Amino acid sequence: MIPSIAPHDWKRFLWAAVAGAIIFIFTQFGPAAGDQLFSSSTPKVIAKSEAESTAKKFVREQFGKAAVTAHTIYQTDSLANGYFSKEELLGKFEDKYDAKFPTDTFQVNLDLEDGTKAYVYVHMTNGSITGWHWLGGQSAGNAQSVQTSAKAFAETKGFRPEELDSLYINDQGDAVLHPTGYTLGDASLELIIGVGLVDDKAVITRYKPAFQAPADYVSYVEGQKKTGSALSVVSLAYMCFISLVLSLIYAILYRGHTTFKRGIFISLVFIVFYIYNNLNVLDGIMATFGEQSRSDAEMKATVLITVVLLIPVGLAVYFALVAGDGMWRSQKRPLWPGFRERGYGEHVWRSVGLSYLFAAIILGAQAIIMVAMKFLAGSWATSDATQSPYNTDMLWLMPMMAWCAAISEEAIFRLFGIALFKKWFKNTFIATLIPTIMWALGHVGYPIFPFYTRIVELVILGTVFCLIFLRYGFITAVFTHAILDSLIMSFELVSVGGGVNITAALIYAILPVIIAWVIKSWHNRRTPIRV
């Protein structure tokens, strides 16, 4: 029997959805956020092509070298951003220091005509050169000449001589200065200035101004990351063993209650978009290398490894779909109705409507949880180049990842996970709790601290997804998950701006309705067969 949606459910969930939407809008687009979003004075991010042109012109003027190739990625100082966020100093930093010492830049990687490499950092809004590093030139000689040249150059950047007394030479032979008076909270400005010789003339080969977060903050974050990484391994082990190995075994054991034809199409859709979306963010991977260049062969190897490692994930999703369907049907609970079942089309259509309400409710609940965690645990977020929309090749395709997450996570952690642990422990609460915790642990890699912030958030929201799945079925859970993630990612598209991105955001917002309507129409043209 297909899970029903009672008429009174619509009314109560509609009011809850309205409340959730209001809470989300109030917390995410309140006075401060609204001013930034709608203000005509909000700086516009320059195009990557403009950053490349600026960088090419700079290296020609600074070093007398022409650039053969150029590639631009988004780079960020996660530690500084995190510290300012935690101490609520971001606004002060942007007003006082961002124009000259930004924490977020476009990093232009250049191959020069003489075979050397250069890294040029361009301000994302005003287009100015904020730093660079040319891996060329001859050694400048003794430390005294480096110090003299470094101080003289620092003065050309607006620093007064009396601010530059703190200076030493690091292991790379660069001058390191800590100008007095340039502090914010316990963070202080550091200048790294490299000096080289070109035709016996001193040239500034490196200039890196950056605010350094205090040592205790850096130590704390590193400890948090280590703990988060260890917990992610637990979730990965769950994915490898439970999702792939056990789902294969149970798919075979319960093959009499289902068919191996189930899930083929949806698994193929998942793996195609999942592979593409991972390749779509290779610039994010490149950003983690910093100034460690990678050859074309190394990048191709990275692509190949990425594709190879994602194929088992696709198999895990497929067998989880088959095994989960068979296990629930063996209990006379077809929580994932088939296309040939009577009423399937109407069920899909009602499910998508209910899912929009659930998504709005969850958005509101998520906002409340994050506000509560900030108040109770002092939670804060920081930047992450690997997850930035600016490191996405085709940004307008990013929300397709929402469908990948919805399909895979609902199949592995809900459809199969709950069925498996319910069989083992004969207890619905335990059966929902274990996969929900494993699901939450898989998200601790996000740049939110303390690490347990996301665990608390997702254990609560994961429990909600479990209730949706158990009461309204797999299709409703997938639609809810996809709509929720699509809306969040669409907000990112709108924040980046551009006609293509905004149009894509609107399409993704209504895409579930289009999909449900197509399925319903197609099903209604077929003669349903009761299973």
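View 1. Contact means heavy atoms within 4.5 Å. The model is predicted: local features need pLDDT of at least 70, side-chain atom pairs count only at pLDDT 80 or more, and totals for chains, interfaces and linings use all residues. Residues are numbered from 1 along each chain as its sequence is written, and side-chain values use heavy atoms, with hydrogens and water left out.

**View 2. The angle between α1 and α11.** Two packed helices are described by the angle between their axes and the distance between the axes. Helix α1 (residues 7-28) and helix α11 (residues 344-377) pack at about 40°, and their axes are 7 Å apart. Axes are lines fitted to C-alpha atoms, for helices over the stretch in contact, and angles run from 0 to 180 degrees between N-to-C directions. The two helices are therefore oblique to each other (under 35 degrees is roughly parallel, over 145 roughly antiparallel, 65 to 115 roughly perpendicular, and the rest oblique). The crossing of α1 past α11 is left-handed, meaning that the near helix is turned anticlockwise from the far one by less than a right angle; clockwise would be right-handed. Helices (H or I, at least four residues) and strands (E, at least two) are DSSP runs, numbered from the N terminus.

**View 3. The ring pair of Phe84 and Phe211.** The structure holds 43 aromatic pairs. In this one the ring centres of Phe84 and Phe211 are 6.1 Å apart and the planes are at 70°, so the pair is edge-to-face. Rings of Phe, Tyr and Trp (its six-membered ring) pair if their centres lie within 6.5 Å; planes under 30 degrees apart count as stacked, over 60 as edge-to-face and the rest as tilted. Phe84 belongs to helix α4 (residues 78-86) and Phe211 to strand β10 (residues 201-212), so the pair ties together parts 127 residues apart in sequence. Both Phe84 and Phe211 are buried (under 20% relative accessible area; exposed is over 50%, partly exposed in between, with a 1.4 Å probe and protein chains only). Ring pairs also link a cluster that includes Phe84, Phe211, Tyr97, Trp380 and Phe449.

View 4. The peptide bond from Phe449 to Pro450 is cis, with omega near -10°. Pro450 is in the loop between β12 (448-449) and α14 (452-472).

View 5. Glu88 has phi near 55°, a positive value in a residue other than glycine. The loop between α4 and α5 (90-96) holds Glu88, which is exposed at 58% relative accessible area. For Lys332, phi is near 65°, again positive in a residue other than glycine. Lys332 lies in the loop between α10 (296-330) and α11 and is exposed, with 72% relative accessibility.

**View 6. The surroundings of Ala55.** Ala55 is in helix α3 (residues 48-63) and is buried, at 0% relative accessibility. Not counting residues up to four places away in sequence, Ala55 touches Val108, Leu110 and Val120. Ala55 and Phe106 are 51 residues apart in sequence and 10.0 Å apart in space, C-alpha to C-alpha.
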